[in-house]
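Please read it with the sequence and the coordinates side by side.

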Amino acid sequence: MTRKVCVIGVGNTDFNSMTPDVSWKEFMYEACKKAYVDAGINPREDVDSFITCAEDYWEGFSIFDEFVPDQIGAVLRPCCTVCGDGIQGLASAYMQIMTGLVDTVAVESHSKISDALSYGDVVLHAMDPIYEKPVAGQVERERFSGPSYPEKSPKPLVGKTDEKGRVHPYYIAGLEMQHYLRSTKTTEEQCASVVVKNKRNAYDNPMADYECSLIEDDVMQSEYLFKPVKELDISPLVDGAICFVLAEEGVAKNLGVEPIYLNGFGYSSETPWFSSRGMDAGYATMASKMAYKMAGIKDPKGAFDIIEVDDRFSYKELQHIEALGLAKPGEAAKMLENGELEKDGKLPTNISGGSLGIGNCLEATGLQRSLEIVTQLRGFAGKRQVKNPEVGLAQSWRGIPSGTGAAAIFSRYPEVKA
Amino acid sequence: MSDTKIEGQPGYAPGTHVSGRDIRDKKIPYTWWEVEAQYAYSLGPANARFLKELKEGKIIGRTCKKCDRVLVPPRMFCEWCYSPTNEWVYLKDTGTVETFSISYLDPDANRIEEPILVGVVSIDGASPKHGFMHYFGEMKPEELHIGMRVKAVWKPEEERTGSVRDIKYFKPLKDGGDE
Amino acid sequence: MNKVAVIGGGMTLFRRHLNETGKELSFLASKMALEEAGIQNSDIDMVVMGSAPCAFDGIHMKGENLLDGTGAKNKPYVRVFNGGGTGVFAPIAGWWHVASGVADVAMVVCEEKMGSCYPHPQTAFQTIWDPILDRPLTPNLVWLFAMEMNRYMTRHNIKKEDIAQVAVKNKRNAVGHPCAQLPDENITVEDVLNSEIMAWPVNLLDISPPSDGASALILCSEEKAKEFTDDPVFVDGVGWNIDSTMWTNRDLYFPDYVANAAKMAYKMAGIKDPRKEIDFAEPYDPFTYKELHHMEGLLLCDKGEAPVLTREGVTERDGDLPICPSGGLLGVGNPIAATMGQKVCELYWQLAGKAGKRQIPGDPQVGVGQAWGDIMQMGTVIVLRRG
C-alpha cells in the first residue's frame, strides 16, 4: 500500500463568541472557500468527496446533513455527515483516500452554538434517558446558555443545584477533576497555571476570542461551579468554522502545494456509562496508541515538536498529556511548572491558546487543534511560531458526557522519523 | 426478549413487540423527558434582506452572472459555480405552480377536516424552476394544478413581520398572463 | 483497493413499538450478525453506527449512547449519517474501513427507535425543514413526498393505480419475512387506492410505517473471508451523492443524485449495462412512488418506464428484474437507518442463497441496494456480487 495522505489546504473563519451577522451557510462557505483557495482547487471539479462533522442538536436541526452541500461546494457530488469530532472526519477522509476510490476529500466542521439558547439542556440531553437524565434533573435554560443569548447579558455557569434540585451536566467534570487531582497529586493551582498559559498564548493568535492576561490567583478566586472546577477552568463556547482539504500526495505534487502529511490517526470510545468508565481519559490512550502504531512511532516521548491537546477544562490538558503517554501520571503539571509546555520548551503544548484561549467549538475542536499543528508545520504561525517543527500531534475529545476521543499525527514527511 | 423462530433466513427476529395501547395504559413502564432545545437562527445577509423585502410586500432575488441565474430564495453564494452571487433583483409576486399537495395532516400527523393546499411556486423573473414552498387559497382543491398561474396575496402591511408568512397564500392569476 | 466481503447480517423484529431500548436492539442485531458470521465481538476491529435524527430516540449524540449495544466499547467507533440514506451509507462507510486496509473486520450497526418520539415521529420531522423559509409554514413531512410524487406523476402521466401496485407487491413479498411489520397476503390495488388520503396524492397505504428496529452487517477483507466461507459475497461498488438543499430550485421528477451515485457505484463495479448485468434490486421504498422513482434513478429502466415494468410483473420476485424481494420498507417496516436490513442485508442473504421463503429463483449473482435521504437530495448505492 503506497498511498500517502496529506493536507493540501486549510481554511477557517475567525472564532467569535457571537456571529449574528451570518447564517451557518455563509459561515461555512467562508471557511471552505478559503481552504479551496489555499489548495488552489475548484471544489466543483477537484474535490471527490465531502465530509461534515456535526450533531443535530448542536445545530438545531434534525438531519443537518440536508443543510450542508450548497455552501461547501458539494452539490451533486459525494457528501456525508460524520457525527463525531473533526479528527474522526479526517480519519474517514483518510480511509476514503486509501481505498483508491477518491483522491481529494474536504472535511468541514464548525460550531454555530451562539444560535442555541439552551446549551446546558442540550448537553444534558446526551445522557441516558433512564438512568442519568433523572439524576441531573431538568436544567434551567437561561442559566446555562453560555455567552450567546442575544437579548440577555451573558450569564455564568452556576454549578450549585438550583431551587428545584437541578444540576448542570458539567458536574461530571467536577467528579473527574477530583479524581485526577487525587490520583496524580496534582493541585488546583497547577491546573490554574494551564488557564494562565493558554489564555496568554491566545494573545499571539489573531483568531482567538478569549485571550486574557491572568495570574493563577485570578483563576483560583473565580467561583467554584463544580468543585473543584472553577469558572475560569472552563473553556467558554465560541463560533467558528474550519475546513481541511486532504489528498493523495500525487495531487499535492501536481498542484505544487507543499504537503503536510497525515501520518496516522486513531479514535476510540469508552463505555457511554460515565459512572462505570475509568476517569483517566482512557479514550485518549487508546486513540493515541492506534495513531502511533499507524505512524510507526514506538516511543511518543520526544517524537513530537509540538502538540495540541483538548483543554476544554484546564485539568484536561494535563490529563491528556499523561494519557497520550507523553508524561507519567502526575508529571504533566511538573512539565508545565518547568516551562516545558511553553513555545520554546521541550514539548510546546496548546500554543494556539487551546479551547481555553480560543473557545470551545464543540465538534470542530479536533480540526481546531489540527489547524494549529498544520499552521505551525507550514511555518505560518507568525508570532507564536515554534522553531522549525517537523512532527506534531493533535488530540481531541467529544466533550461531556462522551467517552470518545481522537488523535492525529501530522508531519512534513511521508514517514515520521521514529 | 423473545426469539420468534420462523423458517428461512434470517432464522429468527429478536425483539419484543408491545402495543401503543399497552404503553398508554402504562402496562409498559417508560421514562418521560422533554428537551428544552431552543434556537435563534441567525438569518445571514441573504435571508435577512429577503424577509425585510417581504415585509415591504416585495420578493427579491439575487443574480449569479457566471451561471446567468436568478436565485430565489436569494443566497450570497451560488451553489452551482461556488462563487459569490452578484446583485439584488426585485421579482414579481406572480408565478407558476410547479407541484402541490392537498394535505389532510397537521404537523404532528393529526387528521384535519379542511385540507391545506400547499406547493412550490416558481417565481416570475427568477430562473426556471426557482421558487419556494407556500400555501394556496381562493380556489377549490380540484382547481389546483401543475402549471397554474398564481399571484401572492399579502397580509395587510401593519400585520407583516418579516416572515414568509407575510404572504398569506398564492391565489389564481386570472387570464393566466403577466400582470 | 482491498476487496471487501460480507460474511454476516442480522436484523431485529420491526414494529411500531418494541420493548427493548436502542442499546438492546443494537445488541440483538449485532449478536445475530456475529452468530451468522461465526465470529466473536473480539474479532471486530472497528465499528460503524448508522442512525438517523437524534430526535427520534430523544438522545443528543445518540451514537455515543448506543455504543455499548454494538459491542464497540474501547474500539474505534464512528457514526455516519445522511438522513434516510444512512441505511446504505453506513455499510459504505464500513466498506472504506476495510477497503483502506485500516480494519480487517468491521461491523456496521444501524438502529432507530422512532417509537420514543412523542406525540408522533413526524413531530421530530418538523425540524428537518429550513428554519427560516419553511418552518413558519408548519409543514408536515408527508407534504414533501406528496409534492415529489405529484411532479413525477404529472411529468410522465402516471396513474395512481400503477403506483399502488408497488404497495401490493411489497406487502405480499414481506409475507416471508420474519421481521415484517405490515405483510399482507391479500392486499389489492383497490385497498391502496381506497385507503385514507393523507396528503394527496399520498394515501395511507402508500406510506411505510414508522418503526423500531436495528440491523447489523459484518464486513471483512478477502483474506479473512476465506477463513469463514468458500462462497463469499463481495461489495463490488459503492456510490453516494447529494443534491442542493434548495429543493424548490430544481425539478423533482427525476433523482439526479441517485443517478450520480449509481454511476459511481457501477463504474467501480465495472457495470456498463445495469439493466442486463444486475439481477435484482432493493431500491428505497418509503413511499410507493419512490420505488419507481429510484428504479429510474438507478438506471434500471427509462424515465417513466418503471410503472410499466411493475404493471407487467417484471419486478415480481419471480420476474425478470425482482425489485424489493425483501418486502421493502412498505412491507417490512421503516426504522429509517435500520432499513439496512432490507437494502443491504437482504442483498447478502439473497446472493448467499440464505433468503429462505424470499429466495429469488435463478441463482442471482449481482444485486444493487439503494437508499435515499435528507430533504429529497441524498442517494446512496451499493452493489454486491457473489464471489
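Strand β10 of chain C, residues 366-373, is mostly covered, with eight of its eight residues buried. The model is a predicted one, and the predictor gives the complex an ipTM of 0.97 together with a pTM of 0.95. For chain C the mean pLDDT is 96, and 100% of the residues reach 70 or more.

**Strand β10 of chain C and its partners**

- Strand β11 of chain C, residues 378-386, runs antiparallel to β10(C) and is joined to it by eight bridges; here the bridge partner of C:Q370 is C:V381 in β11(C).
- The hairpin made by β10(C) and β11(C) has four residues between the strands, and in it C:D374 takes a positive phi near 60°.

**Fold and extent of chain B**

- Chain B contains two helices and 12 strands, and read along the sequence these follow the pattern β-β-α-α-β-β-β-β-β-β-β-β-β-β.
- The radius of gyration of chain B is 23 Å, well over the 16 Å that the globule rule gives for 179 residues, so the chain is more spread out than a compact globule.
- The C-alpha trace of chain B spans about 65 × 40 × 40 Å along its principal axes.
- Of the 179 residues in chain B, 37% are buried.
- When contacts in chain B between residues at least 6 apart in sequence are considered, 49% of them join residues at least 24 apart.

**A three-stranded sheet in chain B**

- Three strands of chain B form an open sheet in the order β4-β3-β7, and the pairing is antiparallel.
- The edges of this sheet are held by β4 (69-71) and β7 (88-91) of chain B, each of which has a single partner strand, so one side of each is left without a neighbour in the sheet.
- From one strand to the next, the twist of this sheet averages 40°.
- Strand β3 of chain B, residues 59-64, is joined to β7(B) by four bridges in an antiparallel arrangement, in which B:R62 has B:W88 of β7(B) as its bridge partner.
- Helix α2 of chain B, residues 44-55, packs on the sheet and touches β3 and β7 of chain B, and the direction of the helix makes about 145° with that of β3(B).

**Contact between chains B and C**

- This contact takes 51 residues from chain B and 54 residues from chain C.
- On the side of chain B that touches chain C, the elements giving two or more residues are β2 (12-14), α1 (20-24), β8 (94-105), β9 (111-123) and β10 (131-135) of chain B; the largest share, eight residues, comes from β8(B).
- By class, the residues on that side of chain B divide into 27 nonpolar, 17 polar and seven charged.
- Strand pairing also crosses between the two chains, as two bridges join β8(B) to strand β5 of chain C, residues 197-200, with the strands running antiparallel; the bridge partner of B:I102 in β5(C) is C:W200.

**Contact between chains C and A**

- Here 53 residues of chain C are in contact with 47 residues of chain A.
- Among the elements that give two or more residues to the side of chain C that touches chain A are the helices α4 (86-99) and α10 (256-269) and the strands β3 (77-81) and β8 (233-242) of chain C.
- That side of chain C has 29 nonpolar, 16 polar and eight charged residues.
- Three bridges join strand β3 of chain A, residues 79-83, to β3(C), and the two strands run antiparallel; A:C83 has C:R79 of β3(C) as its bridge partner.

- A:I297 lies in the loop between α12 (282-295) and β9 (306-308) of chain A.
- The C-alpha atoms of A:I297 and A:I409 are separated by 9.9 Å, although the two residues are 112 residues apart along the chain.

Methods:
Residues are numbered from 1 along each chain as its sequence is written. Chains are lettered from A and ligands numbered from 1 in the order in which they are written. This is a predicted model: local features need pLDDT of at least 70, side-chain atom pairs count only at pLDDT 80 or more; totals for chains, interfaces and linings use all residues. Two residues are in contact if their C-beta atoms, placed from the backbone, lie within 7 Å. Ala, Val, Leu, Ile, Met, Phe, Trp, Tyr, Cys and Pro count as nonpolar, Asp, Glu, Lys and Arg as charged, and the others, Gly among them, as polar. Two strands pair if DSSP finds at least two bridges between them. The radius of gyration is taken over C-alpha atoms; the globule rule is 2.2 Å times the number of residues to the power 0.38. A residue is buried if 20 or more other C-beta atoms lie within 10 Å of its own, exposed if 12 or fewer, and partly exposed in between; C-beta atoms are placed from the backbone. pLDDT is the predictor's confidence in each residue, from 0 to 100. Axes are lines fitted to C-alpha atoms, for helices over the stretch in contact, and angles run from 0 to 180 degrees between N-to-C directions.
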